[in-house]
Amino acid sequence: MTNLLLIDAGTIEWSRAQFALTAIYHWLFVPLTLGLAVIMGIMETCYYRTKNNFWKDTAKFWQKLFGINFAMGIATGIILEFEFGTNWSNYSWFVGDIFGAPLAVEGIVAFFMESTFVAVMFFGWNKVSRGFHLASTWLTGLGATISAWWILVANAWMQHPVGCEFNPDTMRHEMVSFADVALSPFAVSKFCHTVTSAWIIGAVFCVGVCCWYLMKKRETKMALESLKIGAIVGLVATLLAAATGHKAGQDVAQVQPMKLAAMEALYNGGTDVGLTAIAWVNPFSQPDYENEESAPLRIDMPYALSFMATNDFHGYVPGINDLLNGYTKPDGTREPSVDEKIERGKKAIAALADYRKARQEGLPVDSLRAELATINENMKYFGYGYIKDKAQVVPYIPINFWAFRIMVGVGCLLILFFAIVLAGVYKWPAKLWQKNDISALPNWHYWIAIALIPLAYIASESGWLVAEFGRQPWTIQDMLPTWVAVSDLHSSSVIITFFLFLILFTTMLAVEISILLKQIKKGPDYSS
Amino acid sequence: MRKDSFIYRFFNLYYEGFKNMTLGRTLWAIIIIKLFVIFVILKVFFFPNFLKEHAKGNESAYVAGEFIERAEQ
Ligand code: HEM
């Protein structure tokens, strides 16, 4: 991103890289926690219903793997909050209560739910009733899911700020409606997509581990029964992720059309727009969207993007150039051009400067109604006041384009994969599986399942790349670009912590993987 | 205290649980080292509260100054 300001460009880029590294690392643990929570909950439910110790041992085995991942993931998210306070202090101040409230609720709920129910889940076998233990296992998962909810509410607010008002005296956003913030439709669909995608990770992990046992011809009964549960959860979760992803796409079309245009490499919009199946977008450079009609070698699914974005096959979808130059919406209203938004942003900043100066000179608020009105009217485009060149508001298209295709492509592959695994375990159609027993296939079949574990993680992280790169340059959509949000730090200090994290995170990840592998190699402890 | 009282059973769950941990010991050791690194080393030495250090108690004025100045640059 070109930066025309005096603030050290390295500080912005390294702070972004550091935040991305921490978030990507944190996101390695979260989806497995949410996903395995469902898998182990179902297994323990089988134990509760059958009273068969086989299910108890199976549930305990998956709980052990859940526990390792949970322990390794604890507190990795806290580092993001430190980074807010150090690297993104202007942003942290500006968001005010909006972040404070959901994150505080998250902290309290997570602490109480997790410290009680996780303890009962691990320490309570044979000490509490089976019903209470089962409830604790599900509540552990529910607690983690509720935590995710609050974090996603905070993230959704940055992407689509609602339920708040800017106070020029405190320089903070103040919450006017907690319900609007906590139940923002954008947050709801983000939550649904994120959580269902996390279940996929748990399912792929479960199926991959089971396939390893089948390949080694060990723990066959446990592997086959777990495989069934993993594949059912996986198939349901991928179908749900596709449906919720579709909804997430519609929301993006409404509130972040530039993100959608970048995801689709849609340079010029229109009606009856197709969804790009594939096109050549150079992964290493920003395309010449101003002069190219569309990305080269583009093959699309006719009308699909119009339908996805507007629920109408002939609906209008703006492209990057339309968004830069302004356009008339189907309802007749006009979306201002970036130049017009820049003017409005500048007005808001100038009014803020006048207001603050007047207040310092002791003038009462009542005499500053005009300044306040200008701020409120133009706050929506406040961040555009810092834009010097239209190109700054176009996100890096290659990352958005390819990350979106990796996520959706892997999603489609996983639907097929889970369906085949289910067909295998239930031997349907019987004729096909007569000679092929799923527990005695050539090894390469199992290797595919194991290889899908990292692939599913890549898809999941790609989802975040789309969500976060797609809203660049905004830390708060249309209100605060990265170069205003960042603290005036020396880039060298950020570089040091970046590499410190890289070493720390890599070590911890290696430790986690080695403990996990050791426990998988050891296998379940059977009670009899 | 009666052994069937709720409080006894509640504390006993944690006491016995911690006492009989096997893999849990390693995990707790990792958690404690990690928390130490995060809260004592990283927070104290690498992640100071920027505004506390620079705004000297007047955060809103400092942030306003930054916002207005950066628009002029
Ligand atoms: C199969 C069809 C899928 C569609 C249509 C889809 C669509 C989307 C869209 C539009 C976003 C951006 C939302 C935003 O910026 O607010 C997104 C984000 C995301 N996706 Fe997907 N996705 C699909 C599959 C998957 C799969 C298979 C995974 C994981 C294995 C996944 C994981 C994520 C994650 C973690 C995010 C970021 C969180 C969020 O913004 O919701 N998605 N997806």
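Biologist: How far is an oxygen atom of the ligand from an N or O atom in the side chain of A:Lys259?

Modeller: Quick heads-up: this is a predicted model, where local features need pLDDT of at least 70, side-chain atom pairs count only at pLDDT 80 or more, and totals for chains, interfaces and linings use all residues. Residues are numbered from 1 along each chain, chains are lettered from A and ligands numbered from 1 as written, and side-chain values use heavy atoms, without hydrogens and water. For A:Lys190, a polar side-chain atom sits 2.5 Å from a ligand oxygen, and for A:Thr194 the distance is 3.2 Å. For A:Lys259, it's 2.5 Å.

Biologist: Which helix gives the largest share of the shell around the ligand?

Modeller: The ligand has 23 residues around it, where being near takes a heavy atom within 4 Å. Helices here are DSSP runs (H or I, at least four residues), numbered from the N terminus. Among those giving two or more residues are H9 (220-255) and H15 (397-425) of chain A. The largest share, six residues, comes from H8(A).

Biologist: How many salt bridges does the rule find across the interface of chain A and chain B?

Modeller: Well, 55 residues of chain A touch 36 of chain B, with contact meaning heavy atoms within 4.5 Å. A salt bridge needs a side-chain nitrogen of Lys or Arg within 4 Å of a carboxyl oxygen of Asp or Glu. By that rule, the count between chain A and chain B is zero.

Notes: A polar contact is a pair of N or O atoms within 3.5 Å; within protein, one must be able to donate a hydrogen and the other to accept it, and residues adjacent in sequence count only if both atoms are side-chain atoms.
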